[in-house]
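Hi,

Here is the structure I promised to pass on. Have a look first, and then read my notes below.

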There are 2 protein chains.
Amino acid sequence: MSQEESMEQNFFKQHISQRFNAELEEIHRQVMSMGGLVEEQLTDAVKAMVEGRMELAEKVVVSDYKVNALEVKIDEESTQIIVRRQPTASDLRLVVAVIKTITDLERIGDEAERIGRMALHFLELDRQTGPIKELGDLGEHVRGMLNSALDAFARMDVEQAVRVAQLDINADSQYEVIIHRLMDQMMKYPDTIPRVMDVVWTARSLERIGDRARNICEYVVYFVRGKNVRHISYDQMVQEATGDRR
Amino acid sequence: MSQEESMEQNFFKQHISQRFNAELEEIHRQVMSMGGLVEEQLTDAVKAMVEGRMELAEKVVVSDYKVNALEVKIDEESTQIIVRRQPTASDLRLVVAVIKTITDLERIGDEAERIGRMALHFLELDRQTGPIKELGDLGEHVRGMLNSALDAFARMDVEQAVRVAQLDINADSQYEVIIHRLMDQMMKYPDTIPRVMDVVWTARSLERIGDRARNICEYVVYFVRGKNVRHISYDQMVQEATGDRR
């Protein structure tokens, strides 16, 4: 953590106002803490579904309000910083990146809660086999993406952000494989359809979480390069990200 | 339109800088035009799916880039306004509401594109019956929500925003009914599963579009009342929205 903290100093500009420095560092710190909570929610939700851990499913569902409360708090503090400090250039980009990142984190939290609810429903019916292992693999993949995206955000590391964004291709293809296997299973054993649909929704949520982790990576590139890299291909994103530093 | 324009004058503060007035009105106007395009995309996508109109499905898929380009443009102009004008109070809330609204509009555009792609796939297989009529009804309901949410945004009408947000309850229950009917159909006719899953994904996209229309309503309340009404119940939202005017 101390290494991380010292790297953070590199991208926070030093302002004459010590208070302004402290405010920017504080919202950045809060995003990291919200990210940690969301990652924990995701880990628990996937474990609940894959390992049949009912108590973890319940924990995820009752904890979602904490994620929501953090989003509202950070959102308000960020708007206050714009009002009080009238930031420009990279300071403003940092605040905008924070506002956008917490929206995606909150929605990842929502998806984790959905998976938790699905797990509660799924575990009430009796558990079946099917591509639960693959679901666990996809869960682990997107959890890793989220963790690395947050790490890229912590250090505002644009190279890592681009690497993580590319992992989303892999998440999408794992997702397609799972959906096809689930459709086969439903066709072969129609009486399992209600249970299999819980697995379908879980896979879908995980795929969406991968998309949102990619979004966070795009905000890192936006902060560092001052360029909006949404809606462009990975090749173009690599080019933008490896362009001249400003 | 002229009535709408004259009402818009009511919530735009008049600044000493004529140019600042013009800039704020311009991004607001651009959001409305982006909203119109997204609404058209949604209408075409639902028609393509429900009426089997292949040419509309293709139109939706090739037009999504226009929505994305508008988002990037408005996002950049909004950030520029913060830098140049250092807005405070309701001006800043307007710019923040714009930045958040275009994110949701862009994602509604993505869902419309997904429905368009689903329609292309669905129409290649041969069309089946099933709850296509109900899908059309849900599509019409969320299109109406989006239209009214944009209208509330156009006039910054907080009472209408709350009314529209409440319509999301209805969208969710229509969605649940459709999903249950689709599961029944899959259990009875397992060979239709691949086609039925296209309808499942379409229903899911429509349900998400309802959520996002509700988000836009929340930004209207945020702009007018200066209060974040996310994550609270409808009753609380009505209270906040009908509270004393500032």
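How many residues does helix α5 of chain B have, and how far does the helix reach from its first C-alpha to its last? Helix α5 (residues 132-155) of chain B has 24 residues and reaches 35 Å, close to the 34 Å expected at 1.5 Å a residue. Helices here are DSSP runs of H or I with at least four residues, numbered from the N terminus, and the expected span is 1.5 Å times one less than the number of residues.

Before the rest, some housekeeping. This is a predicted model, where local features need pLDDT of at least 70 and side-chain atom pairs count only at pLDDT 80 or more, while totals for chains, interfaces and linings use all residues. Residues are numbered from 1 along each chain as its sequence is written, chains are lettered from A and ligands numbered from 1 in the order in which they are written, and side-chain values use heavy atoms, with hydrogens and water left out.

Now for the two chains together.

The contact (heavy atoms within 4.5 Å) takes 40 residues from chain A and 40 residues from chain B. About 3700 Å² is buried between them, with carbon and sulfur atoms giving 58%; that is the accessible area (1.4 Å probe) lost on being put together, summed over both parts. On the chain A side, Met187(A), Trp201(A) and His231(A) lose the most area to chain B, together 16% of what that side buries. Since 100% of the interface residues of chain A are also interface residues in chain B, the copies meet through the same surface.

Four salt bridges cross the interface of chain A and chain B, counting a side-chain nitrogen of Lys or Arg within 4 Å of a carboxyl oxygen of Asp or Glu. Lys100(A) and Asp75(B) meet in a salt bridge at 2.6 Å, N to O.

Over all chains, the structure holds 44 salt bridges. Arg85(A) and Glu23(A) form a salt bridge too, at 3.1 Å, N to O. Arg85(A) lies in helix α3 and Glu23(A) in helix α2 (residues 18-51) of chain A, so this pair ties together parts 62 residues apart in sequence. Finally, α2(A) is followed by Gly52(A), whose phi is positive, near 70°.

Cheers

Key. Buried area = accessible area lost by both parts, 1.4 Å probe. Helix = DSSP H or I, 4+ residues; strand = E, 2+ residues; numbered from the N terminus.
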